[in-house]
Amino acid sequence: MVAGKIHIDPEIYSVLEAVSDPEIPVLSIMDMGIVREVILEGKSIHLKITPTYSGCPAMDTIAVDIKLALEAAGYQATIELILSPAWTTDWITEKGRQNLLDYGIAPPLNDSQDKRALYDGERLVPCIRCKSTNTKMISQFGSTACKSLFQCEECLEPFDYFKCLK
Amino acid sequence: MNNLYTYLLMLGDNSMILGHRLSQLCGHGPNLETDIALTNISLDLYGQVRSYFQYAAKVSGNPANTEDSIAFLRYERQYLNGLLVEQPNTDFAFVILRQALFDIYHLYLLEALESSKDTQIAAIATKSIKEVKYHQRFSSSWVKRLGDGTEISHQKAQYALDTLHPYSFDLLNENAIEADMKEQGIGADLHIIKEKYQDTLKDLMVTSTLTLPDNTFAHKGGKEGVHSEHMGFILSDLQYMQRAYPNMQW
């Protein structure tokens, strides 16, 4: 989505695509939608990224990883952290959502379904294993700030659900 | 010091001290899920603090100020958080009631700050409010469960409410800095927030079968740097590393 909005040099795009969230290694930063702007001047790059959650401890690591990856590709990068517009799970790409699912994390539902699943206990989040929606929330807060914990009542698989942030 | 700087400290200190209180519960929650929830909330609050303090360092006009020096190197009287957030983790009912009172205030505050004329404050508020909505749902749902639960949980929740309520006014009563920030279109109007806060709290107490204390006695002083006895203990814990090993970095 983000990549659609901003033009990124294909060579730089492939470098950035190889950088991932250290806590969810299958999710590239491009698929997460946290890269907001890339300004290329010769061999120097100014990059704007936005945090998923304010307290996301992965942000500092991601910034360092981006810098190192670009340096390895022969670019000098400066990275700026911007807060506005605030990140939303809508910016995760289709590919990103599929990668999450393959990795065992249920991707975010739409806003209203998400609220019904998290607050009213409606059974809407499909199990990552057997696809049944007969799942229940164990905890609204999960292993990281962006996830909550669910369990499937059919196959008993416990799994993370990526909360909708909008 | 300029008023914007002071206002940012007031905003950031609430999140930092409550974030610290919640971090003390890491590994001590009543069960795994609540433990994780409370520390998740702590992490969100700390993230917000970083945004406030990075901005405060910028507007302070003093190049020696950094987010870390602001967080760790002030004296007790220079911390401007409300008294509520420094109250101890006496038991789970206290943790939940303190959180619920703060979350209701926090949500309305951020809602107001979203339209601040200061674009950085507005950006932080727009970002934080998404997180705080989850906090508020969590704490109010627990207030209901405790209040309308067993006889003992009700009794403990009522006791926590009676004890903490007098500390909550401190957050809601406007001081001179807040009045100035409001005039400039930067800060929130606490009179409006207070009204919304009281309505929401009343509703929550009805569904939770808890009784709001009639007593309007209010402890005050936090925003002026006059704290309860707990603050010194918090700071000696919080500042230990920077005081023992000045300028250390992880």
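Predicted model: local features only at pLDDT ≥ 70, side-chain atom pairs only at ≥ 80, totals over all residues.
Which residue in β8(A) does A:K136 stand opposite? Residues are numbered from 1 along each chain as its sequence is written, while chains are lettered from A and ligands numbered from 1 in the order in which they are written.

**View 1. The four-stranded open sheet of chain A.** The residue opposite A:K136 is A:Q151, in β8(A). Strand β7(A) and strand β8 (residues 147-152) of chain A run antiparallel and are joined by 4 bridges; strands pair if DSSP finds at least two bridges between them. Across the sheet the order is β6-β9-β8-β7, with mixed pairing. At the edges stand β6 (105-106) and β7 (135-139) of chain A, each with a single partner strand, so one side of each has no neighbour in the sheet. Strands here are DSSP runs of E, at least two residues long, and helices are runs of H or I of at least four, numbered from the N terminus.

**View 2. The three-stranded open sheet of chain A and its helix.** Here the order is β3-β4-β5, again with mixed pairing. β3 (35-41) and β5 (76-81) are the edge strands, each pairing on one side only. From one strand to the next, the twist averages 15°. Strand β4 (residues 44-49) and β5(A) pair in the parallel sense over 6 bridges, and A:H46 has A:T78 in β5(A) as its bridge partner. Helix α4 (residues 58-72) of chain A packs on the sheet, touching β4 and β5, and its direction makes about 160° with that of β5(A). Axes are lines fitted to C-alpha atoms, for helices over the stretch in contact, and angles run from 0 to 180 degrees between N-to-C directions. A contact means that the C-beta atoms of two residues, placed from the backbone, lie within 7 Å.

**View 3. Helices α1 and α2 of chain B.** Helix α1 (residues 3-23) and helix α2 (residues 32-59) of chain B pack at about 155°, with their axes 8 Å apart. That angle makes α1(B) roughly antiparallel to α2(B) (under 35 degrees counts as roughly parallel, over 145 as roughly antiparallel, 65 to 115 as roughly perpendicular and the rest as oblique). Their contact has 18 nonpolar, 7 polar and no charged residues. In this count Ala, Val, Leu, Ile, Met, Phe, Trp, Tyr, Cys and Pro are nonpolar, Asp, Glu, Lys and Arg are charged, and the others, Gly among them, are polar.

**View 4. Helices α4 and α8 of chain B.** Helix α4 (residues 92-113) and helix α8 (residues 190-207) of chain B pack at an angle of about 140°, their axes 9 Å apart, and are therefore oblique to each other. From α4(B), the contact uses B:I104, B:Y105, B:Y108, B:L109 and B:A112; from α8(B) come B:I193, B:K196, B:Y197, B:T200 and B:L201. By class, these are 8 nonpolar, 1 polar and 1 charged.

**View 5. Where chain B meets chain A.** In this view, 20 residues of chain B are in contact with 15 residues of chain A. On the chain B side, α2 and α5 (119-147) each supply at least two residues. That side divides into 8 nonpolar, 6 polar and 6 charged residues. For orientation, chain B has 10 helices and 0 strands, whereas chain A has 6 helices and 9 strands.
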